[in-house]
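Have the model open while you read.

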Amino acid sequence: MKLKTSDKIMSITDAIKLIPDGAQVALGGWVINRCVIALTHEMIRQKKRNLIVTQGVGAMDADLLVGAGCVKRYIYAGGSLEPSIGPLSRINEANINKEIEIEEYSGLAICFKYLAGALGIPYIPTKSLLGSDIQNMLSKSTNIIEETCPFTGEKLLLLRALNPDFALVHAQRVDTEGNADISGALWDTKEMARAAKKVIISAEEIVDPELTRRTPERTIIPGYRVSAIVHAPYGAHPSALYGVYDYDHDHLMMYATAARKKETFENYVNEYVLGVKDHWEYLKKIGIKKLVEIRADPLLGY
C-alpha cells in the first residue's frame, strides 16, 4: 500500500525547528520506557536554550537536556534511571548548584495539572498533597494554593493547569494524519497531549489511515492534535518500547556512569549526540547486533 502524502510528515530536523528557545516542552514516556530520546538528541544538536521542561517522572531525555544546557526550568515528580541503574545525575547536580529552577510535584499531581489543561480549566482541586513535604516545598509557589471547598468546607489544594507549548511523544505507530497508536502503559500521555498547544510524534512506523480506522480504540492521540510526524525507528532507545524492544541495560549503565561527572557526560554527548549527523547515524553507532538483541519477545512484549 502506498502511503498518502501529508504535510505533517517531516524530518526530525524540521520537526524540532518548530520549537523556539524558551518554549515549554512536555516529554512523554516514563523513567526508562517510551522516552523521546531521538527528539531530545535533535534538540541538543540544534542548541535549544531556556526551555521549560515538564515531565511526569524524570528520565534520561530530561537529564540529557539539562546536562546540555538546554533547560531553564524543570517541572517534574522526581525520578531516576531505576535504582539498579543510577540517579539523574545532571538534573540533581544542576538542582544543587541552582543552575536551573526546579518545581517538584507528585506524579499524580503532574497528571492532574495536565488534565486541567486538557479540560480548558485554569486549575484543578486535589487532596493528595495536603500535609505533605511537597506542599511545604511549594509553599511559596503561585502554582499551588490551599483553599476551603465552598460546598463541604474541606481543605483542598488547587493545582494550576499545565498547557505546554509542545508535547513530544514516541509511539509504536502513527498514520499520515497523525493518529497515534500507542500500546502498553500510557501514564500521563493522553492528558499531556490534549493539554499541549502542539504535539510532535516520533514513531517506529508510519502507516496509512485505513489501518488505524480498523482499530480506532487503539488511537491514543487523535490526528487533529498533531502538528508533526517523524519516522524514527528505535526512537526511544536506550529506553524500552512495549511490544517492540526492551531497554538497553548496557547502554543505560554506560550513560549513568558517564553522567556522574560533567566532563564524562560531555564526552558521552560528543560521541552519541553531537558526534553523529542524525538519528540514523546514531542507530549505526549502536549497531545492528545490539538492536536485534533487545527486540521484544512477541508474547511478553519486552
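Is Cys-70 buried or exposed? With a relative accessibility of 0%, Cys-70 counts as buried. Keep in mind that this is a predicted model.

What about bonding? There are zero disulfides in the structure. Cys-35 takes part in none, and the nearest cysteine sulfur to its own, that of Cys-70, sits 16 Å off. Seen from the other end, the closest cysteine sulfur to that of Cys-70 is in Cys-35, and at 16 Å it is too far for a bond. For context, a disulfide is a covalent bond between the sulfur atoms of two cysteines.

**Around Ala-38**

Next stop is Ala-38, which belongs to helix H2, spanning residues 37-45. Ala-38 has a relative accessibility of 2%, so it counts as buried. Which residues does Ala-38 touch, leaving out those up to four places away in sequence? The list is Ile-12, Ala-232, Gly-235 and His-279. As for Asp-61, 23 residues from Ala-38 along the chain, the two C-alpha atoms are 8.9 Å apart.

| Residue | Relative accessibility | Class |
|---|---|---|
| Ala-38 | 2% | buried |
| Cys-70 | 0% | buried |

**The chain as a whole**

Zooming out, the chain's secondary structure amounts to 12 helices and 12 strands. Its radius of gyration is 19 Å, close to the 19 Å the globule rule gives for 302 residues, so the chain is as compact as a globular protein of that length. Laid along the principal axes, the C-alpha atoms fill a box of roughly 60 × 50 × 40 Å.

How much of the chain is buried? Of its 302 residues, 54% are. Look at contacts between residues at least 6 apart in sequence, and 75% of them join residues at least 24 apart.

Technical notes
Residues are numbered from 1 along each chain as its sequence is written. This is a predicted model: local features need pLDDT of at least 70, side-chain atom pairs count only at pLDDT 80 or more; totals for chains, interfaces and linings use all residues. Side-chain values use heavy atoms; hydrogens and water are left out. Helices (H or I, at least four residues) and strands (E, at least two) are DSSP runs, numbered from the N terminus. The radius of gyration is taken over C-alpha atoms; the globule rule is 2.2 Å times the number of residues to the power 0.38. Buried means under 20% relative accessible area, exposed over 50%, partly exposed in between (1.4 Å probe, protein chains only). Contact means heavy atoms within 4.5 Å. A disulfide is a pair of cysteine sulfur atoms within 2.5 Å.
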